[in-house]
Amino acid sequence: MKRKLQPIAFQFFIICGLTLAASAQNSTLAPTPPMGWNSWNHFAEKIDARIVRAQADAMVTSGMKDAGYVYINIDDTWEDKRDEKGFIHANEKFPDMKTLADYVHSKGLKLGIYSSPAAKTCAGFEGSLGHEEQDAQTYASWGIDYLKYDWCQSPGTRDEMKAAYTKMHEALRKRGRPIVLSLCEYGWNNVWEWGDSVGGNLWRTTDDISDDYDTMAKIGFGQAGHEKYAGPGHWNDPDMLEVGNGGMSEDEYRTHLGLWAILAAPLIAGNDLTRMTPFTVDMLTNREVLAIDQDPLGKQGHPIIQEGPFEVWIKPMADHSFAVGLFNRSKQEDKMNVKFSDLSISGAANVRDVWLRKDLGVLHETFSAYVPKHGVVLLRISPR
Ligand code: GLA
């Protein structure tokens, strides 16, 4: 009896120990949701080193770096073949990855890269299967700070997925370089339940976003219920931003960024940072919206009202205020309201309109406003 129990107990402690170690390391790597830029949404396979440098330059000159964006992430299509020893090389679009990383670091930014636990990436390039240790070694030697690891094969079982992600997490950990691990497997096998335990700092919860209201709204409003799995070091990722790519109206982009902030979602811009309108720069650098996303409490928001196309979402903040979004998903403007008692606030509260950057004063018991079609009124409500 005793002899049988010991190994099981021992294994239990090892598993608990590894899980706790993964969580502890995760918290220091991504205490708040990662902020940066990724090449895929705008450039896809057209990305190259010259464009990456220009995006890093623009992240600084636009004020995005000062607003908190730090990662410059190269997505799929940088990969060439492996050499005879099995080491991956970048293709002709990226003649010197180490020099590129040095350049990005010289700007006070960090460089991210992309691979897959499969033999091939989603775009058909070389994946990491069977070369995880070598790839982790290569990334560390280049000075990589962030890895998006994209499943890109038919769904595996939960155990297969956990094993594949743990393998890369362990390989990265052994290199001794802090590298954010971004899991991408589209939410299969309820990844939010186990992403943290395999060393993930963030995990995609859905299929790919695209630059239209319907897709964005389906993904964003579909996040309800995942909130208990997010927190410092480990975040649900409803995919990268489309702000500035041109497919949505200003109100629709306000909904997109406002909702992602309430969700404590990673804010990875997906537009061309070298060609931004004043509206796009102003939106992406809006300190009050970013502060909602980056709040140190690290709570993901959730809906308190879902009535047809009208949704009210709240996010508890570290200073005991609430970020509140009144979202109108219908095709015409409509009046919406929120009762302070729904936020456990009795009586009066200070209300600030975040997008308007305007204090609305002390209000009693309720707030109401007209919300544009596909738009949002984003508030900070503080108990008095
Ligand atoms: C998948 C991912 C995208 C992008 C592409 C690259 O579709 O979900 O975000 O990385 O692969 O091929």
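Helices α3 and α5 are roughly parallel to each other, because an angle under 35 degrees counts as roughly parallel, over 145 as roughly antiparallel, 65 to 115 as roughly perpendicular and the rest as oblique. This is a predicted model, in which local features need pLDDT of at least 70 and side-chain atom pairs count only at pLDDT 80 or more, while totals for chains, interfaces and linings use all residues. Residues are numbered from 1 along each chain as its sequence is written, and side-chain values use heavy atoms, with hydrogens and water left out.

Select α3 (residues 49-61) together with α5, and look along their axes, which come within 10 Å and cross at roughly 10°. Axes here are lines fitted to C-alpha atoms, for helices over the stretch in contact, with angles from 0 to 180 degrees between N-to-C directions; helices (H or I, at least four residues) and strands (E, at least two) are DSSP runs numbered from the N terminus.

Next, show the side chains of Arg53 and Tyr103: Arg53 lies over the face of Tyr103, at 4.4 Å from the ring centre. A charge sits over a ring if NZ of Lys or CZ of Arg is within 6 Å of the ring centre and within 35 degrees of the ring normal.

Now follow α5 (residues 97-106) to the sheet, where this helix lies across β2 (71-73) and β5, running at about 140° to β5. The open sheet has 8 strands in the order β9-β8-β7-β6-β5-β2-β1-β10, with parallel pairing, and two strands pair if DSSP finds at least two bridges between them. At the edges stand β9 (235-237) and β10 (267-269), each with a single partner strand, so one side of each is left without a neighbour in the sheet.

Zoom in on β5 (residues 110-115) and β6 (residues 146-150), which pair in the parallel sense over 4 bridges; Tyr114 has Lys148 in β6 as its bridge partner. Helix α7 (residues 158-175) packs on the sheet and touches β6 and β7 (180-184).

Finally, select the aromatic rings, which form 9 pairs; rings of Phe, Tyr and Trp (its six-membered ring) pair if their centres lie within 6.5 Å, and planes under 30 degrees apart count as stacked, over 60 as edge-to-face and the rest as tilted. The rings of Tyr71 and Tyr146 have centres 5.0 Å apart and planes at 55°, so this pair is tilted.

Technical notes:
Contact = heavy atoms within 4.5 Å.
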